[in-house]
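Take a moment with the model below. We will walk through it one feature at a time.

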Amino acid sequence: MSIRTMARIHRAATDHTDWCVRDHTCGLDTHRGRPITIAPDIGGRAVVTRVRAGDRDYAEITLRVPLHRSERVAGEQVTTILHHLRSLFAAVVALRPGTLAGRPARRGIGSGRVA
Ligand SMILES: [Zn+2]
């Protein structure tokens, strides 16, 4: 027996923003700014894109960090990345303390156990 899902998704179109690129990367209710890339001399890169999805704006971050070949060192590097990402979230939220007020904390990978 096979089951087919014919659900229809209805999304209301929203207007472009002052900062979105107004091209194919914008969707009906999602608008994307021009990606900003940093590529430090030590290797790797980070791409930050401002995104409006529905009624919320986000910074979408794609991060590529070179890891050491040693599994032990690579694991420590990943732990360090998680630690600093948690600090990054805290620093950004601290700029506008009411941003996440009233929302329950979401638990993620390694939550609470990152040094
Ligand atoms: Zn747009």
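Which residue forms a salt bridge with Arg32? The partner is Glu60, and the closest N and O atoms of the pair are 2.5 Å apart. A salt bridge here is a side-chain nitrogen of Lys or Arg within 4 Å of a carboxyl oxygen of Asp or Glu. Glu60 sits in strand β4 and Arg32 in strand β1, so the pair ties together parts that are 28 residues apart in sequence. The structure holds four salt bridges.

A word on the source. This is a predicted model, in which local features need pLDDT of at least 70 and side-chain atom pairs count only at pLDDT 80 or more, while totals for chains, interfaces and linings use all residues. Residues are numbered from 1 along each chain as its sequence is written, and side-chain values use heavy atoms, with hydrogens and water left out. Helices (H or I, at least four residues) and strands (E, at least two) are DSSP runs, numbered from the N terminus.

Now look for the second largest pocket. Its volume is about 290 Å³. Of the 16 residues that line this pocket, Ile38, Arg45, Ala46, Leu63 and Val65 are the closest to its centre. Two or more lining residues come from each of β3 (45-53), β4 (56-64) and α1 (71-94). Helix α1 gives the most, with four residues. A pocket is an open set of points on a 1 Å grid where a 1.4 Å probe fits, with protein on both sides within 12 Å along at least five of seven lines; lining residues have an atom within 4 Å of a point. The volume is the space filled by probe spheres set on the points.

The lining divides into 11 nonpolar, three polar and two charged residues. Domain 1 (12-66) and domain 2 (67-99 + 111-115) each supply at least three lining residues.

The largest share, three residues, comes from α1. Val65 lies in the loop between β4 and α1.

Finish at Arg22, in the segment before β1 (30-32). Phi of Arg22 is near 55°, a positive value. Most residues other than glycine have a negative phi.

Technical notes. Nonpolar A, V, L, I, M, F, W, Y, C, P; charged D, E, K, R; others polar. Domains from an automatic or database assignment.
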